[in-house]
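Trainee: I would like to learn how to read pockets, cavities and interfaces in a model. Can we go through a case step by step?

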Amino acid sequence: MLFNSIDFAIFLPIVFILYWFATKKNLRVQNILLLVSSYFFYACWDWRFMFLLIFSTLLDYFTGIKIYESTNHRKKMFWLWFSVIINLGFLGVFKYYNFFATSVANGLSLLGFQANMSSLQIILPVGISFYTFHGLSYVIDLYKNRIKPERNFVDYSVFVSFFPLLVAGPIERATHLLPQIRKKREFDYSKAIDGLRQILWGLFKKIVIADNCAEYANTIFNNSAAYSGSTLVLGALFFTFQIYCDFSGYSDIALGTARLFGIDLLKNFAFPYFSRDIAEFWRRWHISLSSWFKDYLYIPLGGSRGGMWMKIRNTFIIFLVSGFWHGASWTFIVWGFLNALYIMPSIIFDTHRNNLDTVAKGKLLPTVKEISSIGITFGLTVFAWIFFRANGMSHALSYVSGIFSASLFTLPKFIGMSEALTTIILVVIFMIVEWIGRENQYALEIIKTVRSKVIRWSFYLVILLTVYFYGNFGETVEFIYFQF
Amino acid sequence: MKKFILGVLSFLLILLIFNGVVLSFANLHYYKNYDKKPSKNYSSFIMSDSHGLPIGDFSEEFNVYNFSAGSDSYFDIERKIKYLIENDYKIDTIYMTVDDHALSPHREHANNLDRSVIYSSEDEYDSHFSYLREKYIKYYLAIFQPRVRTLFKQYLKENFKHIYIKKNDNPNKDVPWYKLSENERIKRVEIRKQAQFGSEFKSKKLEETLIEIINLCRMNKIELIGIKFPIPNTYVKILGDKNFGADKVLLSYGVTVIDSKLIFIDHNEYFKNTDHMNSKGGKIFTKILLDK
């Protein structure tokens with residue numbers, strides 16, 4: 001069930017009405033309802049993988065209790081590794097088996113050995129990377145004595161499988177979400193309105209920007225050999241906006257939906273394309289994953305405590321793992337590697353915390369210096385996205401070499417160029433709105449400050465009509481991050 | 001909560017009014033006539049896309065019902081045949097299009113699935129909800145119909161265009177096909193060819209459905225006859241040997257194909273445009289096809 005489908009448009013109001021009216025605001029009943037609807041939501045994709053979700057929930061629920069109740073350190077450690085190995089084992093089999101099998105076979109054949117590693121037709125269970133990381137954060141936090149175990153199985157299950165975040169995050173923390181699930185929730189008018197507004201903005205991003213950009217990005221990437229360097233640059237730009245609006249649009253809908261139920265999820269995006277350096281970009285892009293890697297990988301590896309080399313090593317490790325988390329392909333690993341390279345100067349010269357504030361805070365326009373640093377960061381990001389989007393390493397390399405040719409200085413041209421102009425105009429308008437609203441949680445939140453109800457409502461209607469007239473309804477396009 | 005519900009209801013009301021406008025438009029300009037069901041007196045049917053439209057009701061003289069509709073694909077034709085079978089029509093013969101473009105990927109995407117849904121039965125769907133969604137919810141929530149949206153947008157554009165663009169911007173717009181210069185004809189045929197034969201590969205899904213139709217007719221003892229509709233000289237020349245091969249599929253299953261592609265090759269006056277007959281051509285063709 002996609003967020004931008006009729007099914008979800010029917011599902012959400014039904015759950016909302018039952019949640020606030022049929023449960024008599026009884027917390028236990030509300031949580032049971034959230035759990036049942038979350039399982040239904042997941043089963044709509046593929047009910048066969050329900051067992052994995054339930055198994056993962058049971059595993060972490062019981063090992064969590066075991067970790068907490070173990071009196072000695074060795075036992076605690078045993079239960080922690082028991083959970084980590086099984087969780088990562090499932091993730092490894094479903095997501096990475098074929099990658100390892102073919103990579104080992106290719107490696108051996110280079111050494112002159114013939115290896116017969118059979119690849120399996122494995123379907124990737126949707127959301128497995130997300131709910132596995134939920135569970136892992138829970139058991140690691142327990143092991144570190146940051147939290148106490150959740151004894152109520154329903155509450156714990158809601159934490160793992162709450163439907164707005166189940167298939168593509170944000171990756172929640174037990175310390176943030178579990179207390180909200182345990183606490184009695186009252187309907188909050190402003191929170192609910194804010195939720196609806198964020199859903200509307202998310203739909204706009206997904207249907208108008210991401211899905212339209214996807215069409216042109218696919219056209220150009222799938223026939224890249226036929227296009228000029230300038231057209232390839234345009235293709236990379238289309239993908240850059242596609243992936244941002246697809247994923248941040250999804251996150252907006254998820255956060256807005258959760259707010260309708262009185263729950264606040266972790267913010268996942270904070271206007272990353274206005275970043276002045278790569279370190280800032282990574283504080284603003286897929287925040288819940290970046291902070292997960294920082295807390296559960298970078299810091300346990302020693303973080304920045306062991307001197308410069310340790311810092312460099314650990315930075316490379318988290319970026320490579322982050323790339324690998326996105327998918328079993330060398331292109332994702334190269335994407336991670338490139339980002340590690342980009343961030344290195346700021347690690348070495350200790351400037352990675354230079355840009356903590358919002359760019360041009362309180363001002364309408366940025367300075368020339370800010371514009372140039374935003375431009376450079378954006379350019380580097382676009383370049384890295386080419387590897388992320390390419391169908392394989394050779395495709396990525398031929399795409400890049402295609403860009404750096406004499407045709408880079410010609411006018412872009414491809415089938416559908418005239419229709420693409422409308423999308424380009426929409427992207428420009430979108431980025432202007434994002435710039436104006438950059439000091440808010442999400443851009444459209446700024447409309448809250450407009451006092452006139454007529455203007456506010458007119459603005460919502462304009463967005464709705466834009467979604468209707470300019471949205472891409474060709475075929476419902478799945479959210480990119482569902483595959484991770 | 002009351003304030004929230006009121007706000008949401010007001011918002012929904014606006015959406016509902018807009019949906020009402022779109023639905024009325026769709027009924028007038030899109031769904032109209034598609035749901036016209038044949039009388040049970042007919043036992044023979046013509047099923048085609050827009051190429052079958054010029055036949056109009058001339059076929060009724062021969063007791064054959066023209067069940068064609070613009071953009072009908074094999075997906076839609078299969079639904080119609082199943083509908084006739086399930087509703088106890090006595091079917092002897094089905095004349096079905098096997099034109100060169102019938103298996104094109106263009107036809108796979110530009111089909112009538114959202115309209116022919118009225119002929120579908122619950123067996124076609126994996127759940128009762130899917131059936132309700134496809135057949136009823138999507139119809140009444142017209143704002144969710146991509147094709148209706150495209151038509152509505154086009155309609156508004158055309159109407160607004162008159163405000164700022166002078167009429168007769170294209171002098172050849174209303175000139176009949178046979179009066180057009182050869183250069184103009186070639187220009188139009190090239191555009192048409194690009195739309196229908198833009199891809200090198202045929203649609204696998206349409207081919208599978210075509211085979212299902214052949215088997216369905218066999219199982220129900222229906223005589224299936226393939227027709228290739230007449231096309232004008234310019235189109236024949238430019239098309240060359242381009243053919244996605246629907247006719248060959250039928251022939252390989254031992255089904256008769258009547259190839260009328262070249263019968264009006266020297267009669268531009270029988271055509272309305274690049275590859276469609278006009279009413280005059282349709283009338284003559286019907287006689288040739290059905291007057292045994």
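Mentor: We start with a pocket lining. In the second largest pocket, H12(A) provides the largest share of the lining, 6 residues. Keep in mind that this is a predicted model.

Trainee: Which helices of chain A each supply at least two residues of that lining?

Mentor: They are helix H11 (278-284), helix H12 (287-298), helix H13 (308-326) and helix H14 (330-348) of chain A. The space in this second largest pocket is about 740 Å³. Its lining has 26 residues, and those closest to the centre are A:Ala279, A:Trp282, A:Arg283, A:Lys294 and A:Arg353.

Trainee: How do the residues of this lining divide by class?

Mentor: The lining of the second largest pocket has 12 nonpolar, 8 polar and 6 charged residues.

Trainee: Now the cavities. What does rolling a probe over the atoms show?

Mentor: A probe the size of a water molecule, rolled over the atoms, shows where empty space is left. A cavity is a place where the probe fits but cannot get out. In this structure the count is 5 cavities of 30 Å³ or more. The largest cavity has a volume of about 120 Å³. Of the 16 residues lining the largest cavity, A:Lys205, A:Asp252, A:Phe269, A:Gln441 and A:Tyr442 are the closest to its centre.

Trainee: Which helix gives the most to the lining of the largest cavity?

Mentor: H10(A), with 5 residues. Helix H9 (189-222) and helix H10 (229-260) of chain A each supply at least two residues of that lining. By class, the lining of the largest cavity has 7 nonpolar, 5 polar and 4 charged residues.

Trainee: How much space lies in the second largest cavity?

Mentor: About 90 Å³. The residues that line the second largest cavity include B:His51, B:Asp99, B:Asp100, B:His101 and B:Lys228. That lining holds 5 nonpolar, 2 polar and 5 charged residues.

Trainee: Next, salt bridges. How many does the structure hold over all chains?

Mentor: The total is 35 salt bridges over all chains. For a pair to count, the side-chain nitrogen and the carboxyl oxygen must lie within 4 Å. One case is A:Asp194 with A:Arg259, at 3.2 Å from N to O. This pair links distant parts of the chain, with A:Asp194 in helix H9 of chain A and A:Arg259 in helix H10 of chain A, 65 residues apart.

Trainee: And between the chains, how many salt bridges does the rule find across the interface of chain B and chain A?

Mentor: The rule finds 1 salt bridge there. A:Asp7 pairs with B:Arg133 in a salt bridge, and their closest N and O atoms are 2.6 Å apart. On the side of chain B that touches chain A, helix H1 (2-31), helix H5 (128-140) and helix H6 (146-164) of chain B each supply at least two residues. H1(B) gives the most to that side, with 11 residues. The residues of the side of chain B that touches chain A comprise 18 nonpolar, 3 polar and 5 charged.

Trainee: What area do chain B and chain A bury between them?

Mentor: About 2,200 Å², with 81% of it on carbon and sulfur atoms. B:Met1, B:Phe4 and B:Arg149 supply 33% of the area that chain B buries against chain A, more than any other three residues. The contact involves 26 residues from chain B and 24 residues from chain A.

Note on methods: Residues numbered from 1 in each chain as written. Chains lettered and ligands numbered in written order. Predicted model: local features only at pLDDT ≥ 70, side-chain atom pairs only at ≥ 80, totals over all residues. Heavy atoms only, no water. Contact = heavy atoms within 4.5 Å. Buried area = accessible area lost by both parts, 1.4 Å probe. Helix = DSSP H or I, 4+ residues; strand = E, 2+ residues; numbered from the N terminus. Nonpolar A, V, L, I, M, F, W, Y, C, P; charged D, E, K, R; others polar. 1 Å grid on protein atoms, 1.4 Å probe; cavity = no way out; pocket = protein on both sides within 12 Å on 5 of 7 lines; lining within 4 Å. Points joined across faces, edges and corners; volume = space filled by probe spheres on them.
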